[in-house]
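Colleague: I am new to this structure and would be grateful for a close look at a single part of it. Please begin with that part and then set it in its wider surroundings.

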Amino acid sequence: MSAITAPAAIESTPTPIPVSQVLPWAFLLGLLAIVTVYFVGAEQGAVSLLSGTGVHEFVHDGRHLLGFPCH
Amino acid sequence: MRTLLIRGLLAGLLAGLAAFGVAYLVGEPSLRTAIAYEETGTAADHHHDEAATSEHAHGEEAEVSRTVQSTWGLLTGTLAIGLAVGGIVALALALAIGRIGPLGERGTAALVVGIGFVAVVLVPFLTYPPNPPAVGDPDTIGTRTAAYFGLLLASLVAVGVAGSVARSLGGRTDAWGRAGAAALTYVVLMLAVAAVLPSYDELGDFPASTLWSFRLGSLATLTTLWGVVGLTLVASLARIRTTPARAGAGSPA
């Protein structure tokens, strides 16, 4: 009776992944991503955790071309 | 979940490589021109007394040589940002699959990457266009950086608000109606945010054509990065679907 075979659908709507399964990964990866973006995008520019300009200069071109404010 | 993350990170790695290629070929020429201009000392006067030059050197006297900056340094930057983007996109996708409208895995992936590109690249690009070396007052780098990251945060929050507006409409309209309402919400919110944020005019006499080609190069780099993440992820999901195991089941690549 209610056997709908949905021939028109390109892909059937998949079942969601439970949020509790995603959260630990989200926390870990979110933290890593923030640290990464910080070092490429802002370290030794507006704020400095390390002294000197080595990090700033090493990622200098990437920082400019990826659209971060540089100097 | 793990499969999805690994695919996201691999897509990010590939995207970082591709973005490096584009940045090196398209972005570096105007960046070199800008640095040459910077070192003639005709750039905005505040930047180039002797003390400032030694503090922020690009030329031969720099701690990291220009060659390293434009190759390994640039590659490190694009790979790092590629991995970060790939990872975060995979996480967002994990939460979005089966929860956004009548979309399959690939459709959801394309939508997530598209929304991410608009929110994280396009809107910030239009609000605070990237500047080459020699543009920008070092005295305002603090507020400019804060404004830039504040804008990113506001943009992501606006995406969240737009999403909940769409959700709250429930069955009152179809998926297109909800998508339209979400888009409208986002645009109105971001126009308001952009109007409130400070604006900076620190170009001085910087040559307009170099500025234009630098900004195009930057947009090309970022578009490549996000585009490759999207295409690779969608393509890899197609392979997941042809195998009997599901996305969360950890099927071998």
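In what orientation are H4(B) and H5(B) to each other, and why?

Modeller: Please bear in mind throughout that this is a predicted model. Helix H4 of chain B covers residues 105-127, and its axis lies 10 Å from that of H5(B), at an angle of about 140 degrees. The two helices are therefore oblique to each other, because an angle counts as roughly antiparallel when it is over 145 degrees and as roughly perpendicular from 65 to 115, while the rest, apart from those under 35, are oblique. As for handedness, the crossing in which H4(B) passes H5(B) is right-handed.

The residues that bring this pair together can be named. On the H4(B) side they are B:Ile115, B:Ala119, B:Val120, B:Val123, B:Pro124 and B:Thr127, and they meet B:Tyr148, B:Leu151, B:Leu152, B:Ser155, B:Leu156 and B:Val159 of H5(B). By class, the contact of H4(B) with H5(B) comprises 10 nonpolar and two polar residues, with no charged residue.

B:Leu156 belongs to helix H5 of chain B, which spans residues 141-169.

Chain B as a whole provides the setting. Chain B contains seven helices and zero strands, so that, in the notation of one symbol per element, its order from the N terminus is α-α-α-α-α-α-α. Of its 253 residues, 40% are buried. Among the contacts in chain B with a separation of 6 or more, 82% join residues 24 or more positions apart.

The UniProt record, an unreviewed entry, places the feature "transmembrane region" at residues 72-97, 109-128, 148-169, 181-200 and 212-238 of chain B. Two of these spans may be described further. Residues 109-128 of chain B are 95% helix and 0% strand, with 27 Å between the end C-alpha atoms. Residues 212-238 of chain B are 100% helix and 0% strand, and their end C-alpha atoms are 38 Å apart.

Chain A has 71 residues, of which 37% count as buried. Its secondary structure consists of three helices and zero strands, running α-α-α from the N terminus. For this chain too, an unreviewed UniProt entry places a "transmembrane region", at residues 22-41. That span of chain A is 100% helix and 0% strand, and its end C-alpha atoms lie 27 Å apart.

The contact between the two chains takes 37 residues from chain A and 53 residues from chain B. In chain A, helix H1 (19-41), helix H2 (54-58) and helix H3 (60-65) each supply at least two residues of the side that touches chain B. H1(A) gives the largest share of that side, 10 residues. Sorted by class, the side of chain A that touches chain B holds 20 nonpolar, 13 polar and four charged residues.

H1(A) also packs against a helix of chain B. The axes of H1(A) and helix H3 of chain B (residues 66-96) come within 9 Å and cross at roughly 160 degrees. These two helices are therefore roughly antiparallel to each other, and their crossing is left-handed. Residues that make the contact include A:Trp25, A:Ala26 and A:Leu29 of H1(A) and B:Gly77, B:Ala84 and B:Gly87 of H3(B). By class, the contact of H1(A) with H3(B) has 16 nonpolar and three polar residues, and no charged ones.

A last residue links the two chains at another place. B:Glu28 lies in helix H1 of chain B, residues 2-40. Leaving aside residues up to four places away in sequence, B:Glu28 touches A:Asp61, B:Ala23 and B:Ser70. B:Glu28 and B:Thr71 are 43 residues apart in sequence, with their C-alpha atoms 9.8 Å apart in space. With 19 other C-beta atoms within 10 Å, B:Glu28 is partly exposed.

Notes:
Residues numbered from 1 in each chain as written. Chains lettered and ligands numbered in written order. Predicted model: local features only at pLDDT ≥ 70, side-chain atom pairs only at ≥ 80, totals over all residues. Helix = DSSP H or I, 4+ residues; strand = E, 2+ residues; numbered from the N terminus. Contact = placed C-beta atoms within 7 Å. Nonpolar A, V, L, I, M, F, W, Y, C, P; charged D, E, K, R; others polar. UniProt positions renumbered as here; feature names shortened; annotations may be inferred. Axes fitted to C-alpha atoms, helices over the stretch in contact; angles between N-to-C directions. Left-handed = near helix turned anticlockwise from the far one by under 90°. Buried ≥ 20, exposed ≤ 12 C-beta atoms within 10 Å, placed from the backbone.
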